[in-house]
Amino acid sequence: MMPFKWKYSRNFQFPFSLLLLLLTIIVDLLAIEAVRIAGPQAPQRLKDQTPASSFWQSHLASPSTSAPFDAPFFSATHGIVQTHPSLSGSIPRPVPLTSNSLGSGSSSPNKAALTAGSGYLNSRGSLPSSARYPSLAASNTVVSPNPRSPFRHLDFSTSATAELRRNPALSAPDECARACREGEPPRICYYHFTLEYYTVLGAACQVCTPNATNTVWSHCQCVLADGVERGILTANRMIPGPSIQVCENDKVVIDVENHMEGMEVTIHWHGIWQRGSQYYDGVPFVTQCPIQQGNTFRYQWTGNAGTHFWHAHTGLQKLDGLYGSIVVRQPPSRDPNSHLYDFDLTTHIMLISDWLHEDAAERYPGRLAVNTGQDPESLLINGKGQVRDPNTGFMTNTPLEIFTITPGRRYRFRMINAFASVCPAQVTIEGHNLMVIATDGEPVHPVEVNTIISFSGERYDFVITADQPVGAYWIQLRGLGECGIRRAQQLGVLRYARGPYQPASQPPTYDVGLPQGVVMNPLDAQCNRQRNDAICVSQLKSAQEIDRGILSEKPDVKIFLPFRFYVYRPEELFQPNTYNRFLVAPTGDHVISLIDEISYLSAPAPLTSQYNEINPEQFCNGDNRPADCGPNCMCTHKIDIPLNAVVEVVLVDEVQQPNLSHPFHLHGYGFSVVGIGRSPDMTVKKINLKHALDLDRRGLLNRQYNLPPTKDTIAVPNNGYVVLRFRADNPGFWLFHCHFLFHIVIGMNLILQVGTNADMPPVPPGFPTCGDHTPPIPIN
Ligand SMILES: [Cu+2]
């Protein structure tokens, strides 16, 4: 309650500031309306119907004069308002999602009127069904959906919204993406994902062009990506897939309907701890059986606050398009950094991803001659971008992502790194500082930087203050490391309302980029000292209280986990009658991953639901290796941890490939990053387990206990180590793994079993089962 009070007293003259705010909003809306009217709608139609090839354009030399900024591509309604369409079919109301300026101390009815959809709420806090489906109500033809209909995916009236119509207790996605207020009753937020094979630039693009990203729902089924036609996988025919945006304590229900022919799938909710719903963590053969083609699986969980995301955890599907954002918002009084920003808009999510121009499976196990390795051709910002054909020099003219801000305001941005490849991602915004206020959903003491480098699975929230001249500014996203070979980059635009859409400056190129300034997360991992040019993750300070036990000198359990690749000789790998998995690395090496000398192999059935059916010999760990398990030892790597123990994990990079840092992600927890570093012993060229143990004995592993940041994904610097700690108070089978997609499929995973089976919640009745079927062979 303290921050709440403080804020209120600061806003002592609130009638005046409220008036000012309303004026600003009205002015903004007028501006938007003006742009909308001025926007040439008719030409857009024509343009939309041009064939896919027209997304390539012929201006070779100067991308700035090439016309990526054709006005029609830029939605006039973008940015300022909550743009997702309302299912009610009523006129979309401009609804700023705010933190302080509207959210705290909202005693004024005027304030309340500005929050999402509140004008329509009934006493249960959800839309009356008549308001939600006026067309049906008007014609009095409410269709009772028939779940048994064999044509249910053809039947528009029973499609993704059937459950919402059936059950008035559920709230629609756009009702849940709202400003969160203290004391407001939680909602049950319902989502329906239909997963399909789909196409970039398909015929849907003759019908419409998506006019706003980050929507929690899309009415347009056209996927543009970077303007290069290819087959993809989608949830609800959008990339990124539907955004889940809810408030703390809301219950989230997602029906995942798998219509990908011949494919199974699970969806993992990255960053959601799943306390009490362990079996909905979405890890195949750990927490559930994969969802079969044609089946629907209902996930239900309540989210911990922060910026998270969802993605397929099966095979390579994530890289083909199965990912989307999750934002769990809080009332301002619950966020220690809420005083640092004025707006937290649904449209200010920045989901960055890497992108191929072919199926991900083309790169696995990998090729020797053409398109070798696994690095991406392109990058996307919220599924958008342009790309230059390296052979012809032609540039696609698909829209870039645009984020709109209003002068004088402070905006919370939520950046999600959904990369699959090994490339670190570098984000810089022209002329604007980035004040980092949270990482992996957890608040930190604010730090000002100019560039953020992030790894697959990480999230960074930052505040941008609109303190520059009204105009448009470049956002540059660069792929580092391996991505430097193809010079993969993408651009976006930070635009001031009523300003131009095109930045005045030349677009930054890979080689002549925006000035880096101070870098968050430098790749050189020199984190032991303060420096002016960079801030390491380990130097961030948690803004939340930390469990004392975590910060005590001695943890209850200490686990050293060295990881590396095992390189096969071809004659070893291709022995007759053996079929060992492998990845063809960019170097041409045929490799698998080892953590503590074990390459993770899935169990034949999930541990959460069918533990007793799994042969105990399936499991192994460093202390319990199967007899005569070779140098490519493959089994279900599982480490047991007593419930409530304070656990320290030391990850040691034995890969030691320059430019390669592996980001490790732990399911079920946030952990404290206690130390990051490299060997202080200059005579040691390469760190390994033995050396790390020796450093630890001599007290030379870098550990600092002053407010270490809480994260769930942390990159281990190459030739370095990371020390992390957590209290094992969430029982379950938790995957702990490198988040690089192609390393997951070659075994860079393990399971931390916290507690015994008796500590874990039983799976709901009717939980699907799976497993091998190898009955005895009758002999006669
Ligand atoms: Cu890795």
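How many of the eight residues of strand S22 (residues 489–496) are buried? Seven of them are, and the strand is mostly covered, where a residue counts as buried if 20 or more other C-beta atoms lie within 10 Å of its own, as exposed if 12 or fewer do, and as partly exposed in between, with C-beta atoms placed from the backbone.

1. Basis of the note. This is a predicted model, in which local features need pLDDT of at least 70 and side-chain atom pairs count only at pLDDT 80 or more, while totals for chains, interfaces and linings use all residues. Residues are numbered from 1 along each chain as its sequence is written.

2. Overall make-up. The protein has 13 helices and 38 strands, these being DSSP runs (helices H or I, at least four residues; strands E, at least two) numbered from the N terminus. Of its 780 residues, 51% count as buried. Among contacts with a separation of 6 or more, 78% are between residues 24 or more positions apart, a contact being a pair of residues whose C-beta atoms, placed from the backbone, lie within 7 Å.

3. The sheet that holds S22. Seven strands form an open sheet with mixed pairing in the order S14-S22-S21-S16-S19-S23-S24, and its edge strands, S14 and S24 (534–535), each pair on one side only; two strands are taken to pair if DSSP finds at least two bridges between them. S22 runs parallel to S14 (residues 401–405), to which five bridges join it, with Glu-401 and Gly-492 as bridge partners. With S21 (residues 472–479), S22 pairs in the antiparallel sense over seven bridges, which include Gln-476 with Leu-491 and Ala-472 with Arg-495.

4. Arg-487 lies in the loop between S21 and S22, and has a positive phi of about 55° although it is not a glycine. This residue counts as partly exposed because it has 13 C-beta neighbours inside 10 Å.

5. The six-stranded sheet. A further open sheet, also with mixed pairing, has the order S12-S11-S15-S20-S17-S18. Its edge strands are S12 (378–381) and S18 (442–449), each pairing on one side only, and the twist averages 25° from one strand to the next. S17 (residues 434–439) runs antiparallel to S18 and is joined to it by five bridges; Met-435 stands opposite Glu-448 there.

6. Backbone geometry to inspect. Asn-382, in the loop between S12 and S13 (395–396), has a positive phi of about 50° without being a glycine, and it is buried because 25 other C-beta atoms lie within 10 Å. A cis peptide bond joins Tyr-364 and Pro-365, with omega about 5°, and Pro-365 lies in the loop between S11 (349–355) and S12. Another cis peptide bond, with omega about -10°, joins Ile-239 and Pro-240, the latter in the loop between S4 (231–235) and S5 (244–247).

7. Leaving aside neighbours within four places in sequence, the contacts of Ile-352 include Leu-379, Ile-381 and Leu-477.

8. Arg-703. This residue is found in the loop between H12 (689–697) and S34 (710–711), and counts as partly exposed because it has 18 C-beta neighbours inside 10 Å. Its contacts beyond four places in sequence are Val-674, Gly-675 and Val-723, and the C-alpha atoms of Arg-703 and Val-723, 20 residues apart along the chain, are separated by 7.2 Å.

Methods: Axes are lines fitted to C-alpha atoms, for helices over the stretch in contact, and angles run from 0 to 180 degrees between N-to-C directions. Two residues are in contact if their C-beta atoms, placed from the backbone, lie within 7 Å.
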